[in-house]
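Here is a short briefing on one protein model.

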Amino acid sequence: MKDDDLWKRDEVASPCNKVCVIHPEARICAGCFRTMDEIAGWGQLSQAGRQALIDELPSRAGLLKKRRGGRAARRAD
């Protein structure tokens, strides 16, 4: 048995990518797109619940507005 086989699990892995910043307006994590309640409750979700959430997360990316600062923010689009 390889050492890393000890840590493998038959479960849906967390979508966390260690970019843990909660967007102030959308109230979702800018890294994984989960809400604070979803992050806190991840361990209690069933495998089906985790997979359903994972499947939904990409659709939330549009909720985060791209911030523009400096000269780009003053430029007329």
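**Loop glycine**

G62 sits in the loop that links α2 (47–56) to α3 (70–74). The model is predicted. The points below take this loop residue, then the cysteines, then the rings.

- G62 is exposed, at a relative accessible area of 70%.
- A26 is 36 residues away from G62 along the chain. The C-alpha atoms of G62 and A26 are 9.9 Å apart.

*Cysteines*
- How many disulfides does a search of the whole structure find? The search returns zero.
- C20 is in no disulfide. The nearest cysteine sulfur to C20 belongs to C16, at 4.1 Å.
- Is C20 buried or exposed? C20 is exposed, with 61% relative accessible area.
- C29 is buried, at 3% relative accessibility. The reason is the cut-off: buried means under 20%.

*Aromatic rings and charge*
- Zero aromatic pairs turn up in a search of the whole structure.
- Which residue lies over the face of W42? R34 does, at 5.3 Å from the ring centre.
- The R34 contact with W42 is a charge over a ring.

Note on methods
Residues numbered from 1 in each chain as written. Predicted model: local features only at pLDDT ≥ 70, side-chain atom pairs only at ≥ 80, totals over all residues. Heavy atoms only, no water. Disulfide = S-S within 2.5 Å. Buried < 20%, exposed > 50% of the residue type's maximum accessible area, 1.4 Å probe, protein only. Helix = DSSP H or I, 4+ residues; strand = E, 2+ residues; numbered from the N terminus. Phe/Tyr/Trp six-rings, centres within 6.5 Å; stacked < 30°, edge-to-face > 60°. Lys NZ or Arg CZ within 6 Å of the ring centre and 35° of its normal.
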